[in-house]
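Take a look at the model below.

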Amino acid sequence: MLPTPIQDLSDKLRYFPGIGSRSSQKLALDVMHLSDEKFGELVVALADAREKVGFCPKCGFFSETENLCAICTNTTRNIMQICLVEKPTDVITMERGQIYRGYYHVLNHLISPLDNIFAENTTVGRLFDVRLSGLFGEGLKGGKNVELILFFKAGFASEATTAYIKERITESGFADRIKITRLATGLPLYYNPDTLDQATMARALEDRREVLY
Ligand SMILES: [Zn+2]
């Protein structure tokens, strides 16, 4: 019924999770109704988002070009807390709680040997070899402790990743100065990080439990 290019656009818009055939067709038709000026702005914004946004070299969250992200450049945050997450979008979920004031470390993957994902496929190495050794080496000589807050979706990969992190802490030489906590309490067992609301996130952070190693 629709001209092929509109149908084609509608099909491509379904690449986005959560966009079904009706929404994608509506969006495709909406594109037809945009003024030339607005259409031009949309095309530029799409290209810019892809070309100008990269990942923070320190924590792995989204950042402009290859610079440090807005969180890492904010010096008012608490350097004694690092929240470990799987994906950059999990940072956005955590920030939604509006009470966390520490920093982040994006692992990119959780360790899952059954899926052939091992420690070297994650950024755990950089966390210990660069960030934590840097922290303990220079700035934290006053005997302060660092809290690693684990924000992982429950499952085998979360357990495997936690076990590996415990092992690295034990080997690190500063085990007595690192505490691990996790946010599982208050979160539904199979939560979807993308849909957690502010109250749930805030409660999950406040009720976090220590993980012993
Ligand atoms: Zn960063």
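Leu42 lies in helix H3. Helices (H or I, at least four residues) and strands (E, at least two) are DSSP runs, numbered from the N terminus. Leu42 is partly exposed, with a relative accessible area of 37%. Here buried means under 20% relative accessible area, exposed means over 50%, and partly exposed lies in between (1.4 Å probe, protein chains only).

A word on the source: this is a predicted model, where local features need pLDDT of at least 70 and side-chain atom pairs count only at pLDDT 80 or more, while totals for chains, interfaces and linings use all residues. Residues are numbered from 1 along each chain as its sequence is written, and side-chain values use heavy atoms, with hydrogens and water left out.

Gly40 also has its place in helix H3, residues 36-52. Gly40 is partly exposed, at 30% relative accessibility. Now jump to Asp90. Gly40 and Asp90 are 50 residues apart in sequence, and their C-alpha atoms are 31 Å apart in space.

Asp90 is buried, with a relative accessible area of 2%. Its salt-bridge partner is Lys87, with the closest N and O atoms 3.3 Å apart. A salt bridge is a side-chain nitrogen of Lys or Arg within 4 Å of a carboxyl oxygen of Asp or Glu. Lys87 is partly exposed, at 29%.

How many salt bridges does this rule give? The count comes to 8. Another one joins Asp8 and Lys12, at 2.8 Å between the closest N and O atoms. Both residues lie in helix H1 (residues 4-13), 4 residues apart, about one turn of the helix. Glu159 and Arg182 form a salt bridge too, at 3.6 Å from N to O. This pair links distant parts of the chain: Glu159 sits in helix H6 and Arg182 in strand E6, 23 residues apart.

Next comes the sheet. Strands of a sheet pair through backbone hydrogen bonds, either parallel or antiparallel. In this model, 5 strands form an open sheet in the order E4-E3-E5-E6-E7, with mixed pairing. Two strands pair if DSSP finds at least two bridges between them. Strand E4 (102-106) and strand E7 (209-211) stand at the edges, each with a single partner strand, so one side of each has no neighbour in the sheet. Strand E3 (residues 78-85) pairs with E4 in the parallel sense over 5 bridges. Val85 stands opposite Val106 in E4.
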